[in-house]
Amino acid sequence: MSMGGHVEMRSSRAYTVCRYWILVVLSVSTVFPFFWMFSSSLKPLREVYTWPPTLIPRELHLSNFREAFERSNFIRALINSSLYTGGCIALYVPISLLAAFGFAKYRFKGDSLLFMLVLAAVMIPIEAVIVPLFGLLLRMRWVGTLQGLVIPRVVEPFGIFLLRQHFKTIPDDLLDAARIDGCSELGILWRVMLPLSLPPLAVIVVFMFIWRWNELLWPLVIGGNAIRTIQPAIALFKYERFVEWNLLMALCAIAVIPVLVLFFTLQRYFVEGVVKSGLKF
């Protein structure tokens, strides 16, 4: 083998080793905060403040979870978050499907302008409209109710955009064949489009779950003490007394488990949907 071949082989190996080391460092930096959270949730308070810090608890205090649950009424907060998140997803998916189907497969006057207005809604944060929304919900007597939490938060332009882009890749001939067979428009959406759209649906379900499960400001303002979800429960728990990090980490560990379970359950569809849609992170 020539000298140039040896140099090229060494460069290739060095590149591969460097790439894998970078991936290892990034993986460790991503996983370590979760490991530290679960580790701290099992420590007594004095061990949390020890220096140098301990990665593995010297004493396992499973009672941290029971004490944190009792002092924060966290079970009720978990139920409220489940109802809030589940309600948003249950309405978000059909609304996104119908809107995306209309934008992708039908032509009507002003459709492009209307779609641009939908996308423009991404630039309006909830903080900018929460005051008028609160006034509207107050007049409707929906403040402190589940419908007041869910209804204003079920439409997200992200899902409409993602599904529209996916629907446009499905040939119109497939839809025409279904119409010839006597399928209605809703039947086409249910029998043809939906089975071909599981990956992007997994993406929007995972994102909506993360957004609503981890939301703080909206449930804090609209739900109040009547419907306290997990994030307000965690935030308010910090200020009831001095910060007891072991109990706080116990609450955070419980709160993050449903997100991890959902992601790993839908991981195959999620990755496929991200790859096909060309999303960048």
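Tutor: Start with a definition: the bend at a residue is the angle between two axes, one fitted to the seven residues ending there and one to the seven starting there. Keep in mind that this is a predicted model.

Now take helix α6, residues 126–139. α6 has 14 residues. Its first and last C-alpha atoms are 19 Å apart, close to the 20 Å expected at 1.5 Å a residue. Yet α6 is not straight: at P132 it bends by about 35°.

Next, look at burial. Buried here means under 20% relative accessible area. In α6, the buried residues are I126, I130 and L137. An α-helix has 3.6 residues a turn, so residues three or four places apart point the same way. What do the buried residues of α6 pack against? They pack against α7 (146–150) and α12 (217–223). After α6 comes R141, with a positive phi near 60°.

α11 is mostly covered, with 13 of its 16 residues buried.

Finally, the core. The largest nonpolar core holds 62 residues. F74, F167, M193 and W218 have the most contacts inside it. Helix α4 (residues 74–105) gives the largest share of this core, 12 residues. Leaving aside neighbours within four places in sequence, M193 is in contact with F101, K105, F167, I170, L175 and I188.

Notes
Residues are numbered from 1 along each chain as its sequence is written. This is a predicted model: local features need pLDDT of at least 70, side-chain atom pairs count only at pLDDT 80 or more; totals for chains, interfaces and linings use all residues. Side-chain values use heavy atoms; hydrogens and water are left out. Helices (H or I, at least four residues) and strands (E, at least two) are DSSP runs, numbered from the N terminus. The expected span of a helix is 1.5 Å times one less than its number of residues. Buried means under 20% relative accessible area, exposed over 50%, partly exposed in between (1.4 Å probe, protein chains only). Contact means heavy atoms within 4.5 Å. A nonpolar core is a set of buried Ala, Val, Leu, Ile, Met, Phe, Trp, Tyr and Cys residues joined through side-chain atoms within 4.5 Å.
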